Each structure stands twice: as structure tokens, then as C-alpha cells.
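Here is a short briefing on cores and helices. Look over the model first.

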Amino acid sequence: MKMKIRKKVAIPVVLLLLVAGGLLTAYLKYEPSRHFRETDIPVLATPEPVGGKGQEDPSDGSVEKSERSGVAGGKNTGTTGEAAAANPAQTEEVHGDRGSFNLLLLATDARAKEASRTDVLMLAHVNPGQNKVSLVSIPRDTRVHLPGIGLTKINHAHAMAEAGGKGGHAGTLAAIQAVSNLCRCSLNYYVKTDFDGFEHFIDTIGGVDVKLDAPVKLTYNYRTLPAGEQHWNGETTLDFVRERKSLDDGDNARQRNQALVVQAIARRLLVPDNLAQLPELIRQVKEDILDTNLTDADMLSLAWMVRGIDPEEMYFVQFPGSSGKAHDPLVNAELYYWIPDMKAWSELSREILGDAPDE
């Protein structure tokens with residue numbers, strides 16, 4: 001016996017099936033492990049040889065040690081802060097699961113009439129197969145060797161290349177190579193924005209909803225964000241992701257806070273009602289990005305992946321090292337530096353970049 005479905009009932013059922021079919025199609029197309037497994041992942045930079053001409057040890061005897069902390073992952077590494085030059089055999093790139101890749105996030109302090117420096121440098125190791133992201137915060141004052149300059153701050157790489165008259169993309173490429181050399185790994189993707197672009201994007205999507213477990217004091221505008229659920233515009237969100245001075249765990253806490261915002265953005269974009277608007281939203285995102293090699297499909301897949309990650313399960317670490325002072329060839333004066341501990345990094349990078357299987 002056939003059952004006849006009334007027209008009034010059939011219409012919402014058909015609509016429901018269409019929506020479900022659209023969600024399934026989107027999932028199959030943009031599901032991260034599937035997407036990046038079937039994509040030719042580019043290699044933008046590989047580490048230049050260590051110990052070559054001009055590749056001086058950033059922790060040579062000219063550095064005045066001070067406040068040696070050796071922080072790595074929020075814990076004291078127990079090192080003396082004497083950064084050793086990395087042994088290429090020990091620090092060669094660890095190849096993990098197929099489809100894993102490294103993405104560099106850059107934020108510049110763009111000024112109207114000056115070459116911009118990278119105020120934020122963050123290496124993200126993404127493993128779509130395991131649904132994992134590991135983040136390495138690279139202090140802007142990290143001491144590295146730059147070609148034609150010598151030992152200076154890593155945030156000068158972008159500024160000096162941009163100032164050379166080749167434009168902002170040249171600055172991007174210089175920063176990418178500097179990070180690749182420091183971290184001894186290949187880099188595949190990059191996203192560069194500035195603070196104005198980030199703020200505008202948050203306003204474009206109508207703000208974000210975030211729940212704080214504890215109040216956060218904002219030192220940039222002298223106010224405190226209360227604990228609990230709240231809705232933020234672009235200005236407040238920017239202040240929140242930049243805040244570190246008032247946080248007990250400094251940069252590590254800031255990275256956890258940034259993860260909260262990334263998830264809030266993903267939730268905003270990927271609710272079923274907004275799926276139809278994703279192409280337009282991605283177009284607007286690209287307007288607020290200064291430079292990237294991610295395609296629209298790449299961005300959708302990354303957003304889909306981040307949406308399902310618990311910030312507490314993400315691995316956050318500051319590049320290991322210690323505070324120090326040394327002469328800078330660009331300003332011909334003694335400056336503060338973060339002196340990288342390459343021996344500690346050679347051990348830590350295996351954990352971060354190695355894609356060890358879950359136990």
C-alpha cells in the first residue's frame with residue numbers, strides 16, 4: 001500500500017533533503033583531509049644551508065645574556081640560554097602524514113610612508129588527517145641572519161625587502177624564507193594581513209561571539225573584558241588577540257585566546273544558514289588579506305577543520321630561547337633580542353612537525 005504525502009508536508013521535506021544534500025556535498029568537497037590529500041601542496045621555501053658564509057650563530061659571544069628563561073611550551077627548558085648552531089642532520093625536516101603542511105601567518109604593522117615590519121609571526125603545522133593544528137609563536141625580536149645584513153631581528157626581513165622597492169610581496173617572500181631558515185622546515189602556505197584588515201573582516205561578518213572563563217584586562221584601551229559570553233566588534237576582537245602584557249602566561253596565553261577567536265569566526269561562517277553565503281564571505285575575506293597563496297577552497301577547508309578543534313587540544317609553544325642584547329648592524333646600536341635556542345628547537349620540532357600517531 002502506497003502512502004500519499006500531503007503537499008503541505010512534502011514541501012518542507014523536500015527542502016530539508018535539499019539542504020541535507022547540499023551539506024553532504026559541501027562536506028565531501030571541503031572536508032580537510034580529503035581536500036588537501038587531493039591537492040598539490042606547494043613548497044614555497046626550504047631551509048638554506050646552515051653554517052654557510054655569513055650564517056653566523058645568533059648566540060655568538062657578542063650577546064649579553066639576561067633574564068635567561070628558555071621558555072618552551074610554557075615550561076622552563078632548563079637550558080642556560082646558550083643557543084647552539086643547529087646540526088643539519090638533527091634538524092632536517094621531519095616528514096609526517098601525507099597531506100600535512102606548514103602555514104605561516106603574518107600580521108604587519110603597516111604604516112603609510114614606512115616599510116612595514118611583521119608584528120606577528122606564527123608557524124602553523126596542520127595535519128588534516130588527524131584534525132590537529134600546532135602553533136609556534138616566533139617573537140618579532142628573534143635574532144637571525146639575513147642575507148646582506150647580518151645578524152638582526154627577524155621582523156626586519158619583511159621591512160628591508162619591501163623597502164628595496166620590490167613591493168609587499170617581496171617582503172612576504174623574505175619573511176617566509178627567514179622563518180624557514182630559523183625553523184628548519186619547508187613552508188607551503190602563507191596568509192598576510194594587517195591590523196586594519198583583521199578588524200574590518202570581523203565587522204564584515206557581524207562580529208564574533210566568545211565565552212571567557214576569566215576577565216581579560218586590555219592594556220591598549222584601558223578596559224577589562226568580563227568573564228562569560230559576549231559579542232565583540234572588530235576593534236574589541238583586535239585588542240583581545242593582541243593582548244599579552246596583562247596575561248599570566250604571556251604569548252602562550254595570547255595564542256590560546258587567538259584560537260578562541262578563530263573558532264568563533266569559523267562558527268560564524270559555517271552554520272547551515274550561512275553556507276550559501278560562504279563564497280561571498282570568502283571574497284570579502286580576501287579583500288582584507290594583503291597576500292596569500294590559499295585558494296578559496298583551501299580557506300573553506302581550513303575553516304571547516306578549525307571549527308571542530310578544541311583550543312585546549314591545540315599545541316601552543318613560543319620558539320625556545322632567551323633574552324639578550326647584541327649589536328644590530330641596521331641601527332648600529334645595541335638592541336634587545338630573543339636569542340633562539342636551536343638545540344632545544346631541534347628536539348621540540350620533532351614533536352611539533354613530526355605528526356606522531358595518537359596513542
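Six residues touch the most other members of the 48-residue largest nonpolar core: L103, V133, V208, W232, F240 and I265. Such a core is a set of buried Ala, Val, Leu, Ile, Met, Phe, Trp, Tyr and Cys residues joined through side-chain atoms within 4.5 Å. Buried means under 20% relative accessible area, exposed over 50%, partly exposed in between (1.4 Å probe, protein chains only). The model is predicted: local features need pLDDT of at least 70, side-chain atom pairs count only at pLDDT 80 or more, and totals for chains, interfaces and linings use all residues. Residues are numbered from 1 along each chain as its sequence is written, and side-chain values use heavy atoms, without hydrogens and water.

- Helices are DSSP runs (H or I, at least four residues), numbered from the N terminus.
- Another core, of 27 residues, lies apart from it; L106, C183, F319 and W345 are among them.
- Beyond its neighbours within four places in sequence, V133 contacts A124, H125, V126, M305, I309, M314 and Y315. Contact means heavy atoms within 4.5 Å.

**Helix α7**
- Seven of the nine residues in α7 (residues 234-242) are buried.
- They are G234, T236, T237, L238, D239, F240 and V241.
- At the start of α7, a side-chain oxygen of N233 comes within 3.3 Å of the backbone nitrogen of E235.

**Helix α9**
- In α9 (residues 278-288), L278, L281, I282, Q284, V285 and D288 are buried.
- They lie on the same side of α9, because they cover an arc of only 160° around the axis, taken from the directions from the helix axis to the C-beta atoms.
- Exposed P279 and E287 sit on the face of α9 turned away from its buried side.

Notes: Helix = DSSP H or I, 4+ residues; strand = E, 2+ residues; numbered from the N terminus. Polar contact = N/O pair within 3.5 Å; in protein donor to acceptor, adjacent residues only side chain to side chain.
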